[in-house]
Amino acid sequence: MIAYIKGEVAHVGEGALILEAGAMGYHVQASTSTLSRLALGQEIQLHTALQIKENDISLIGFLTAEDVQMFHLLTSVSGVGAKVALAIQSTLDASRIALAILTEEADELVRAPGVGKKLANRIILELKDKMKSAEISGEVAPQQIISAGNAGAKQEATDALLSLGYSRSEALRAVMEIALTDMSAEQIIRQALKRLNK
């Protein structure tokens, strides 16, 4: 339907913004983390998801393709609608959500308003296999969400930590928490070991 909109931020409110594009003002819902990065008059491109309900049509905006793909993943879970998905995405970024699912850490997801332990466990149960292998609606595979950027260095660092006896959960968490896009595998390993040995 509508893959993205390019335009100028005309208004930022609670839970939504107005994006002016082509002499039209689009009311777009967004997570608080997305809204916090916007400024009036800013030219942006928003990736979008269209939600159609019986009495409502909503446009939801995201700054990255990874975020919109994560939104589609989350809303594929029974009991997770747009409101809950945005609450999760307001609390955790895409890589942290992916990591929580892959390492089965329900407590991370429970940090989001409206997400209890039961729902968090359902999200993990329904999405873990998809996060490991399936592609979601196009270009971005779920595994790429946590390895975006310097994927090779992150993978090398993770493998090194596994060879040192750390669990996959420990290794993934340490790498994702400290890895920056311009860091080498050696730098990631050094910083990860410092974190793990605290």
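In the predicted model, Ile60 makes contact with Val28, Gln29, His47, Thr48, Ala49, Gln51, Phe71, Ala82 and Leu86, when residues up to four places away in sequence are not counted. Ile60 is part of strand 5. Its relative accessibility is 0%, and the residue therefore counts as buried. Another, Gln29, is the bridge partner of Ile60. This bridge belongs to the pairing of strand 3 with strand 5, which runs in the parallel sense over two bridges.

Thr48, also among the contacts of Ile60, is placed in strand 4. With a relative accessible area of 7%, Thr48 is likewise classed as buried, because the limit for this class is under 20%. Its side chain reaches the backbone oxygen of Ile2 at a distance of 2.4 Å. Beyond its neighbours within four places in sequence, Thr48 touches Ile2, Ala3, Tyr4, Ile5, Leu59, Ile60, Gly61 and Val68.

Strand 1, residues 4-12, pairs with strand 4, residues 43-53, in the antiparallel sense over five bridges. Within this pair, Tyr4 stands opposite His47 of strand 4.

Leu19 stands opposite Tyr26 in strand 3. The hairpin of strand 2 and strand 3 has two residues between the strands, and Gly22 in this hairpin adopts a positive phi near 60°.

Helix 4 comprises residues 94-102 and is mostly covered, with eight of its nine residues buried. These buried residues are Ala94, Ser95, Ile97, Ala98, Leu99, Ala100, Ile101 and Leu102. At the start of the helix, a side-chain oxygen of Asp93 comes to within 2.9 Å of the backbone nitrogen of Arg96. After helix 4 comes Glu104, which has a positive phi, near 55°.

The packing of helix 4 against helix 2 was also examined. Two packed helices are described by the angle between their axes and by the distance between the axes. The axes of helix 2 and helix 4 come within 9 Å and cross at roughly 40°. Helix 2 is therefore oblique to helix 4. Glu66, Asp67, Met70 and Leu74 of helix 2 make the contact with Ala94, Ile97 and Ala98 of helix 4. By class, this contact has five nonpolar and two charged residues, and no polar ones.

How values were computed:
Residues numbered from 1 in each chain as written. Predicted model: local features only at pLDDT ≥ 70, side-chain atom pairs only at ≥ 80, totals over all residues. Heavy atoms only, no water. Pairing = 2+ DSSP bridges. Helix = DSSP H or I, 4+ residues; strand = E, 2+ residues; numbered from the N terminus. Buried < 20%, exposed > 50% of the residue type's maximum accessible area, 1.4 Å probe, protein only. Polar contact = N/O pair within 3.5 Å; in protein donor to acceptor, adjacent residues only side chain to side chain. Axes fitted to C-alpha atoms, helices over the stretch in contact; angles between N-to-C directions. Parallel < 35°, antiparallel > 145°, perpendicular 65-115°, else oblique. Contact = heavy atoms within 4.5 Å. Nonpolar A, V, L, I, M, F, W, Y, C, P; charged D, E, K, R; others polar.
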